[in-house]
Amino acid sequence: MAQKKLRAVSHFATLSILATLLLIGIFGIDIAVADSLNIAAPLWVPLGLIASLLIAVNSYRARGFSIKTTFAVGLFCGYLAILILLIQPFLTKTGPENSTHENSILKIISFNLNKNNSSPATAAQWIIKQSPDIIVFLESDREAASVTKLLAPQFPVQCDCRGDGACSTVILLKSPPIEVEYHGKGDTENRKALSAVTAKIRAGDSLLSLTAVHLPRPWPLGEPRKYFNELVSNTDIFDGRRLLVGDFNNVPWSFSIQNLAANMQLRLASGATPTWPVDDVVPSLLALDQLYAGDCVSIISTRVGPPLGSDHLPVITELRVGSCDD
């Protein structure tokens, strides 16, 4: 008798916790504070699916279709629904199907250098060996600033987000861009302005609009969302030949980042490969460094590089830029 009561109490407590987590996760669609929980969704969503299913099966075997059985089944369906919503970015196509002429291939490296980078010379040497066409640096200041200086002979054009050399979000190019749009209208280093820059460049016979961005951490909870409207309104969202790349300080399956990509008419191209943290003991857990592409850009490959003195891993992407039918 005591065991049955203990089991009933444990099931009630488990179902209450599962229901609370599920509600918070779903509220994250519209509420930034709640969406912070979804960063850990790869942990709590599978556990919720398994736990609710086990309780439903055990309850059905003991009492048939009871209130507890029905509630557990409902929770299982809810967890399945939020799982489907969270994996949407990984179900998109990898490239356009309607290119109208030969594409141009580009290699892009995106790397949060960490302003206190411990191996700037090693990082610069590795990047040179990769022979990229474009480089995006985040936190390119303090010790990490020497990386951009070492690369200056190969990449003499360096466009930072303020246009005055006082922003650590930088795009490195081999030749001058057609146009640059500086989104950093204030103190970007203390998160008082959007740390982003857009460069419009030539890619073979096509034009490519590349936006580099470094978003703040999601705490204070929901803080990055205040920059989303500004980022969308300051860029041409209807151009299918465009990229959004950088350190989002959030995961691609969060509703916040999904909404940003949807509003800019972009799709996730970098997958879910973890890039942070870089540690000798703890493996990389979160895909904070991401790349999003428009409809006229197809991704050939995306991979991460080795540890290079930062708490992030670099991301190397090869892509084709083409022309799409209207």
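1. Burial is used here as follows: buried means under 20% relative accessible area, exposed means over 50%, and partly exposed lies in between, with a 1.4 Å probe and protein chains only. By that definition, Ala41, Trp44, Val45, Gly48, Leu49, Ser52, Ile55, Ala56 and Ser59 of helix H3 are buried.

2. The model is predicted, so local features need pLDDT of at least 70 and side-chain atom pairs count only at pLDDT 80 or more, while totals for chains, interfaces and linings use all residues. Residues are numbered from 1 along each chain as its sequence is written, and side-chain values use heavy atoms, with hydrogens and water left out.

3. Helices (H or I, at least four residues) and strands (E, at least two) are DSSP runs numbered from the N terminus. Helix H3 covers residues 41-63, 23 residues in total. From first to last C-alpha it reaches 32 Å, close to the 33 Å expected at 1.5 Å a residue; the expected span is 1.5 Å times one less than the number of residues.

4. Six strands make an open sheet in the order E3-E4-E2-E1-E12-E11, with mixed pairing; two strands pair if DSSP finds at least two bridges between them. Strand E3 (157-160) and strand E11 (297-304) are the edges, each pairing on one side only. From one strand to the next the twist averages 20°, where axes are lines fitted to C-alpha atoms, for helices over the stretch in contact, and angles run from 0 to 180 degrees between N-to-C directions.

5. Strands E1 (residues 104-112) and E2 (residues 134-138) run parallel and are joined by five bridges. Asn112 has Leu138 in E2 as its bridge partner. Helix H5 (residues 120-130) packs on the sheet and touches E1, E2, E11 and strand E12 (315-321), contact being heavy atoms within 4.5 Å. The direction of H5 makes about 170° with that of E1.

6. There are four aromatic pairs in the structure. Rings of Phe, Tyr and Trp (its six-membered ring) pair if their centres lie within 6.5 Å; planes under 30 degrees apart count as stacked, over 60 as edge-to-face and the rest as tilted. One of the pairs is Tyr60 with Phe65, edge-to-face at 5.0 Å centre to centre and 65° between the planes. Tyr60 is partly exposed at 44% relative accessible area, and Phe65 is exposed at 70%.

7. Phe248 and Tyr292 also form an edge-to-face pair, at 5.4 Å centre to centre and 65° between the planes. Phe248 sits in the loop between strand E8 (242-247) and helix H8 (255-263), and Tyr292 in strand E10 (residues 289-293), 44 residues apart. Phe248 is buried at 1% relative accessible area, and Tyr292 is buried at 2%.
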